[in-house]
Amino acid sequence: MATLVVVYHSPNGHTRALAEHIAQGVKSVPDVDVHLIEIRGDQVSEGRWSDAATMELLKKSDTIVFGAPTYMGSLSAVFKSFLEGAFYPFLGQQWKDKLAGGFTHSASQNGDKLFSLQQLVVFAAQMNMQWISVGDSAGNNWTGGTIYDVNRLGSWLGVMGQTNADEGPDAVSAHGDTVTAERYGTRLAELTARWVHGQEYRIQRNTLEDFREISARSAAAAAGRV
């Protein structure tokens, strides 16, 4: 059994919603176990994050997916404290050649979320990890596009989520972001199974029409929830 861990910080629940949908996607793949680990502010003391149980689980994992909100154009301070807490695994190259992925969320459509994902990629590179991209084409970039499209924010480095500032975490599921997150979770799990167990992996090369059909189903599902 391969092990994938989604480790995230989510003060208001929006990033947690994305993490849970990534975990749903992982669960669709056999022989890959998934764990959700939330990084909390009370684990930070005098600017230093510490939690031995989390570090032990991450050490044993095959894939780590990092997620945090984007605040003021950067990862949240609590999550950056967690990343700095990985200094000792860094020294021992404990996470070398684990697979890695990432996601972020903000209230603004852009919010400089790309910079947050770039921070995660640089961190993963310093840990000698192997980064996994989203794998889906961009949606919501044509006259028939909607907010329910797969990859509606056009991000390939990692999953981006957006919810209006006056909306709670339940509103995350009103967008195509959750479908994107689930598909990313499945992609991460399939590549983990291939990486760890050498399982057969079929590259899915979807056409533009394929993605528009997936997005149409996403929109129909969202309409059914209203």
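Which residues line the largest cavity? I looked this up before anything else.

**Entry: ground rules**

I am working with a predicted model, where local features need pLDDT of at least 70, side-chain atom pairs count only at pLDDT 80 or more, and totals for chains, interfaces and linings use all residues. Residues are numbered from 1 along each chain as its sequence is written, and side-chain values use heavy atoms, with hydrogens and water left out.

**Entry: the cavity**

Rolling a probe the size of a water molecule over the atoms shows where empty space is left. I searched on a 1 Å grid over the protein atoms alone, where a cavity is a set of points that a 1.4 Å probe fits but cannot get out of. Grid points are joined across faces, edges and corners, and a volume is the space filled by probe spheres set on the points. The search of the whole structure gave 1 cavity of 30 Å³ or more. I noted about 80 Å³ of space in the largest cavity.

Lining residues have an atom within 4 Å of a point. For the largest cavity I wrote down Ser137, Ala138, Gly139, Asn140, Asn141, Trp142, Asp149, Val150, Leu208, Phe211, Arg212 and Ser215. I then sorted this lining by class and got 5 nonpolar, 5 polar and 2 charged residues. In this sorting Ala, Val, Leu, Ile, Met, Phe, Trp, Tyr, Cys and Pro count as nonpolar, Asp, Glu, Lys and Arg as charged, and the others, Gly among them, as polar.

Two of the lining residues, Trp142 and Arg212, turned up again in another search. The charged end of arginine 212 sits over the ring of tryptophan 142, 3.7 Å from the ring centre. The rule asks for NZ of Lys or CZ of Arg within 6 Å of the ring centre and within 35 degrees of the ring normal.

I also placed alanine 138, another lining residue. Alanine 138 is in the loop between strand 8 (130-131) and strand 9 (159-162). Helices (H or I, at least four residues) and strands (E, at least two) are DSSP runs, numbered from the N terminus. With 17% relative accessibility, alanine 138 counts as buried. Buried means under 20% relative accessible area, exposed over 50%, and partly exposed in between, with a 1.4 Å probe and protein chains only. From alanine 138 to alanine 171, 33 residues along the chain, the C-alpha atoms are 21 Å apart.

**Entry: aromatic rings**

A pair of aromatic rings is described by the distance of the centres and the angle of the planes. Rings of Phe, Tyr and Trp (its six-membered ring) pair if their centres lie within 6.5 Å; planes under 30 degrees apart count as stacked, over 60 as edge-to-face and the rest as tilted. I counted 7 aromatic pairs by this rule. One of them joins tryptophan 49 and phenylalanine 82, edge-to-face, with 5.1 Å from centre to centre and 85° between the planes. This pair links distant parts of the chain, since tryptophan 49 is in strand 4 (residues 48-49) and phenylalanine 82 is in helix 3 (residues 77-84), 33 residues apart.

**Entry: a polar contact**

Threonine 54 is in helix 2 (residues 52-60) and is buried, at 6% relative accessible area. The side chain of threonine 54 makes a polar contact with the side chain of aspartate 51, at 2.5 Å. A polar contact is a pair of N or O atoms within 3.5 Å; within protein, one must be able to donate a hydrogen and the other to accept it, and residues adjacent in sequence count only if both atoms are side-chain atoms.

**Entry: positive phi**

Most residues other than glycine have a negative phi, and most peptide bonds are trans. I found glutamate 46 with a positive phi near 50°. Glutamate 46 is in the loop between strand 3 (44-45) and strand 4, and is exposed at 81% relative accessible area. Aspartate 97 has a positive phi of about 65°. Its place is in the loop between helix 4 (87-91) and strand 7 (99-106), and aspartate 97 is partly exposed at 35%.

Methods
On a 1 Å grid over the protein atoms alone, a cavity is a set of points where a 1.4 Å probe fits but cannot get out, and a pocket is an open set with protein on both sides within 12 Å along at least five of seven lines; lining residues have an atom within 4 Å of a point.
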